[in-house]
Amino acid sequence: EVAVGKRRIADYAMAFDVLSKLARALKEEEVIEHMLELLALLMSPARLEYAALAADGSATLQARPAVEAGSAAEHIARLLETRQDYVLAADGSGFRVRISFGDQWLGVLSLEQFAFPTYVRDYLNLTLSMVCALGLAIHNARIFDALGEVQKALKQREEELRLFIEHAPAA
């Protein structure tokens, strides 16, 4: 029992250490990569997938191992069927967790076929304890990206205005 407690403490310590790295990531792809890396290190699932849901309703898939391009849409559709905050597989071999920020649904994470299946509920609890931080990191990365787009558009308008003023006839 003491050994199990120590393992849990070590897992949580590692998770929160890597979460601090997530908070510094500025690109959504980096956040997702760090998230998948963390979960793979802590839980050793044979299959790890994340379907990212964009604001326009489109979705992209990141998976370990990678899925064939032709089957990515099928995997995304299966993941996006998840309507609850989490779902434990009926056979106990894995789970899905929704990643959200506030009322904004950002994606669904799926972990299956663990190296140590007796710890599935522990892995689920650990993942659920990280969901808010993961959602915040993804949300922040999306905001940073949107700010970059606004800044680029502003610079373009600034240049157009500068050219307009340079070429305006003298009054």
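User: Before we start, what is a nonpolar core here?
Analyst: A nonpolar core is a set of buried Ala, Val, Leu, Ile, Met, Phe, Trp, Tyr and Cys residues joined through side-chain atoms within 4.5 Å. Keep in mind that this is a predicted model.

User: OK. Which residues touch the most other members in the largest nonpolar core?
Analyst: They are M35, L39, M43, Y50, F95, L109 and L111. The core has 28 residues.

User: Which elements each supply at least two residues of this core?
Analyst: Those are α2, β1, β4 (94-101), β5 and α4.

User: And where does the largest share come from?
Analyst: From α4, which gives 10 residues.

User: What does M43 touch?
Analyst: Leaving out residues up to four places away in sequence, M43 touches F95, L111, F114, A115, Y123, L126 and T127.

User: What other core lies apart from the largest one?
Analyst: Another core of 10 residues lies apart from it, and its members include L53, L61, I76 and L79.

User: Back to α4. Is D122 buried or exposed?
Analyst: D122 sits in helix α4. D122 counts as buried because its relative accessibility is 18%, and the cut-off for buried is under 20%.

User: What is D122 in contact with?
Analyst: R7 and R8, once neighbours within four places in sequence are set aside.

User: Which residues make the nonpolar surface patch?
Analyst: L161, F164 and I165 make a patch of about 350 Å². L161 belongs to helix α4, which covers residues 120-167.

User: Switching to backbone. Which peptide bond is cis?
Analyst: The bond from R64 to P65 is cis, with omega near -10°. P65 is in the loop between β2 (59-64) and α3 (72-80).

User: What about phi at S44?
Analyst: S44 is not a glycine, yet its phi is positive, at about 50°. The residue lies in the loop between α2 (28-43) and β1 (45-53).

User: Why does S44 count as partly exposed?
Analyst: Because its relative accessibility is 34%, and partly exposed runs between the buried cut-off of under 20% and the exposed cut-off of over 50%.

User: And what is phi at Q113?
Analyst: Phi of Q113 is near 55°, again a positive value in a residue other than glycine. Q113 is in a strand, β5, which spans residues 104-114.

Notes:
Residues numbered from 1 in each chain as written. Predicted model: local features only at pLDDT ≥ 70, side-chain atom pairs only at ≥ 80, totals over all residues. Heavy atoms only, no water. Patch = residues over 30% accessible without salt bridge, like charges linked within 9 Å, V, L, I, M, F, W, Y side chains within 5 Å. Areas by Shrake-Rupley, 256 points an atom, 1.4 Å probe, with all protein chains shown as cover. Salt bridge = Lys/Arg side-chain N within 4 Å of Asp/Glu carboxyl O. Helix = DSSP H or I, 4+ residues; strand = E, 2+ residues; numbered from the N terminus. Buried < 20%, exposed > 50% of the residue type's maximum accessible area, 1.4 Å probe, protein only. Contact = heavy atoms within 4.5 Å.
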